[in-house]
Number of protein chains: 2
Amino acid sequence: MNAVTTSTRELAHPTRDEIRLEGVLHALSDPMRLRIVRELAVAESDLSCSYFTLPVTKSTTTHHFRVLRESGVIRQVYRGTAKLNGLRREDLDLLFPGLLDRVLAAAALEADRLGTDG
Amino acid sequence: MNAVTTSTRELAHPTRDEIRLEGVLHALSDPMRLRIVRELAVAESDLSCSYFTLPVTKSTTTHHFRVLRESGVIRQVYRGTAKLNGLRREDLDLLFPGLLDRVLAAAALEADRLGTDG
DNA sequence: CCCGAATTACGATAGGTGTCGTACAATGGC
DNA sequence: GCCATTGTACGACACCTATCGTAATTCGGG
């Protein structure tokens, strides 16, 4: 009905200064999560969870998105029944300059090297 | 038991092309291991395990060094009763250009931010 | 040839984690 | 109001992992 759908469901995000390097590295060390992050990185805007077609169930997908959110790697906002996901680029770049880009570049190089892209 | 006393106990290392980004990120996502890597990074030469004074037992320290070696982050060589540890900078920089430096810089920034250095 | 120093091996343990399946909840369109 | 779409909650399970303590191994030196 409303032109601007204001969702009431709130999601807990760590503030910028609560983000820990160890947590970010751990979040990125899982193949599924790294794949999600890579897709978010090349996306022009936020992507819904259903956009991703991962070789795991929806339950597991939900789990991975939560890990990414709670570690501060992504931001999640409800819009209707969907949940939009976006990288927290600014926060990450402020805390860990250049880190995300290097990880993404490394992931691209490795995917190319192994011939298995995600 | 044997007669070969060339002090060459061999340790299994992954070859460069066996190193995986996920494994490296996972290895670096542990506080103890990140601390070890940071110390190795500023060292002029290889360091023995006993050089490090970590708040864990020697058994646990051995475990962490093994994780770092098996993930390809460090190289370990026996010399007498000691075991010398060094970063595999060249291999890592070839595989993942700039990644290690950014992680180290991020770790330094975070340590400064949190006021808790290692 | 024994001793001490450095490190490992082994077993144990508590907690984390990736995965699944099924049942449940929120939302927007009809 | 109903229902399809989207995602969550919860329980379960196998596996991994960080940690410890103690016993064992390797090596150089006396």
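Q: Helices here are DSSP runs of H or I with at least four residues, numbered from the N terminus. With that in hand, where does S29(A) lie?

A: S29(A) sits in the loop between α1 and α2 of chain A. Keep in mind that this is a predicted model.

Q: Is S29(A) buried or exposed?

A: Buried. Its relative accessible area is 12%, and the cut-off for buried is under 20%.

Q: What is S29(A) in contact with, leaving aside its neighbours within four places in sequence?

A: Three residues of chain B: E22(B), L25(B) and H26(B).

Q: Then on to the interface. How many residues does each chain put into the contact?

A: Chain A gives 25 residues, and chain B gives 25 residues.

Q: What area is buried between chain A and chain B?

A: About 2,200 Å². Carbon and sulfur atoms give 65% of that area.

Q: Why quote an area?

A: The size of an interface is often given as the accessible area lost when the parts come together.

Q: How many salt bridges run between chain A and chain B?

A: The count is 0.

Q: Which elements of chain A give two or more residues to the side that touches chain B?

A: They are α1 (21-28), α2 (31-42) and α5 (99-114) of chain A. The largest share comes from α5(A), with 9 residues.

Q: What classes of residue make up that side of chain A?

A: It has 15 nonpolar residues, 3 polar and 7 charged.

Q: Let's look at α2(A). How far does it reach from its first C-alpha to its last?

A: It reaches 17 Å with 12 residues. That is close to the 16 Å expected at 1.5 Å a residue.

Q: Which residues of α2(A) are buried?

A: M32(A), R33(A), L34(A), I36(A), V37(A) and L40(A).

Q: What caps the N-terminal end of α2(A)?

A: D30(A) does. One of its side-chain oxygens lies 2.9 Å from the backbone nitrogen of M32(A).

Q: Over to chain B. Which residues of α2(B) are buried?

A: M32(B), R33(B), L34(B), I36(B), V37(B), L40(B) and A41(B).

Q: How far apart are the end C-alpha atoms of helix α2 of chain B?

A: They are 17 Å apart. The helix has 12 residues and should span 16 Å at 1.5 Å a residue, so the two values agree.

Q: What about the cap on α2(B)?

A: D30(B) caps the N-terminal end. A side-chain oxygen of D30(B) lies 2.9 Å from the backbone nitrogen of M32(B).

Q: Where is R35(B), and is it buried or partly exposed?

A: R35(B) is in helix α2 of chain B. At 25% relative accessibility, it counts as partly exposed.

Q: What lies 3.4 Å from a polar atom of the R35(B) side chain?

A: The backbone oxygen of T53(B). Another pairing is with L104(B), 69 residues apart from R35(B) along the chain, where the C-alpha atoms are separated by 9.8 Å.

Q: New topic. How many salt bridges does the structure hold over all chains?

A: It holds 10.

Q: Which residue meets R89(A) in a salt bridge?

A: D101(A), at 3.5 Å from N to O. The pair links distant parts of the chain: R89(A) is in helix α4 (residues 89-95), D101(A) is in helix α5, and they are 12 residues apart. R89(A) is partly exposed at 30% relative accessibility, and D101(A) is partly exposed at 41%.

Q: And what does D46(B) pair with?

A: R75(B), with the closest N and O atoms 3.5 Å apart. D46(B) is in the loop between α2 and β1 (47-48) of chain B, while R75(B) is in strand β2 (residues 74-79), 29 residues apart. D46(B) is partly exposed at 30% relative accessible area. R75(B) is partly exposed at 34%.

Q: How do E110(B) and R113(B) meet?

A: Their side chains form a salt bridge, 3.3 Å from N to O.

Q: Why are they about one helical turn apart?

A: Because they are 3 residues apart in helix α5 (residues 99-114) of chain B. E110(B) is buried, at 5% relative accessibility, whereas R113(B) is partly exposed at 32%.

Q: Which residues do salt bridges that share partners join into one network?

A: R16(A), R88(A) and D91(A).

Methods. Residues are numbered from 1 along each chain as its sequence is written. Chains are lettered from A and ligands numbered from 1 in the order in which they are written. This is a predicted model: local features need pLDDT of at least 70, side-chain atom pairs count only at pLDDT 80 or more; totals for chains, interfaces and linings use all residues. Side-chain values use heavy atoms; hydrogens and water are left out. Contact means heavy atoms within 4.5 Å. Buried area is the accessible area (1.4 Å probe) that two parts lose on being put together, summed over both. A salt bridge is a side-chain nitrogen of Lys or Arg within 4 Å of a carboxyl oxygen of Asp or Glu. Ala, Val, Leu, Ile, Met, Phe, Trp, Tyr, Cys and Pro count as nonpolar, Asp, Glu, Lys and Arg as charged, and the others, Gly among them, as polar. The expected span of a helix is 1.5 Å times one less than its number of residues. Buried means under 20% relative accessible area, exposed over 50%, partly exposed in between (1.4 Å probe, protein chains only). A polar contact is a pair of N or O atoms within 3.5 Å; within protein, one must be able to donate a hydrogen and the other to accept it, and residues adjacent in sequence count only if both atoms are side-chain atoms.
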